[in-house]
Amino acid sequence: MAINKTVKIKNRKARFEYEILDKYTAGIVLRGTEIKAIREGQASIAESFCEFSNGELFVINMTIQEYSHATHFNHAPKSERKLLLNRNELKKLGKEVKNTGLTIIPLVLFTNDKGLAKLEIALCRGKREFDKRETMKDRDSKRDLSRIKKSFNN
């Protein structure tokens, strides 16, 4: 069963707030109505992060709105959900988080061509205030440069 409509929900704040060091793609353990709500685009990963518990990785604070056509068997919108990675990736991430104090942040929630929900997570280091200002300056200068180029082309 191929689903041709793909969903792509991004965490826009992540690239501004964090310096991304490494990326991984993880599967998510979902209940029945959760995947249906994601396929409708009713999810948010803006304030979410990942945490280890008993050697397993969980995404915390990810919001999946209740499915509109469900009965009383609907899911809880803000429950923690288990992420599926292979053992070597889990060990590596666990060691990095424990030893160097890095954070694991979700970047993109998407559905693949088989219709399965996947979460692209990143090993990140928090940016300091001056790094954020530098990012804003770079963005402004690129915008101004593109404006000038556009005016010369016309």
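Leu 83 sits in strand E7, which spans residues 81–84; helices (H or I, at least four residues) and strands (E, at least two) are DSSP runs numbered from the N terminus. This is a predicted model, in which local features need pLDDT of at least 70 and side-chain atom pairs count only at pLDDT 80 or more, while totals for chains, interfaces and linings use all residues. Residues are numbered from 1 along each chain as its sequence is written, and side-chain values use heavy atoms, with hydrogens and water left out.

Leu 83 counts as buried because its relative accessibility is 3%; buried means under 20% relative accessible area, exposed over 50%, and partly exposed in between, with a 1.4 Å probe and protein chains only. Leaving aside neighbours within four places in sequence, Leu 83 is in contact with Ala 26, Gly 27, Ile 28, Cys 50, Leu 57, Phe 58, Val 59, Leu 119 and Ile 121, where contact means heavy atoms within 4.5 Å. Asp 138 is 55 residues from Leu 83 along the chain, and their C-alpha atoms are separated by 35 Å.

The protein as a whole has four helices and nine strands, in the sequence order β-α-β-α-β-β-β-β-β-α-β-β-α. Its C-alpha atoms fill a box of roughly 60 × 45 × 25 Å along the principal axes. Of its 154 residues, 33% count as buried. Among contacts between residues at least 6 apart in sequence, 68% join residues at least 24 apart.
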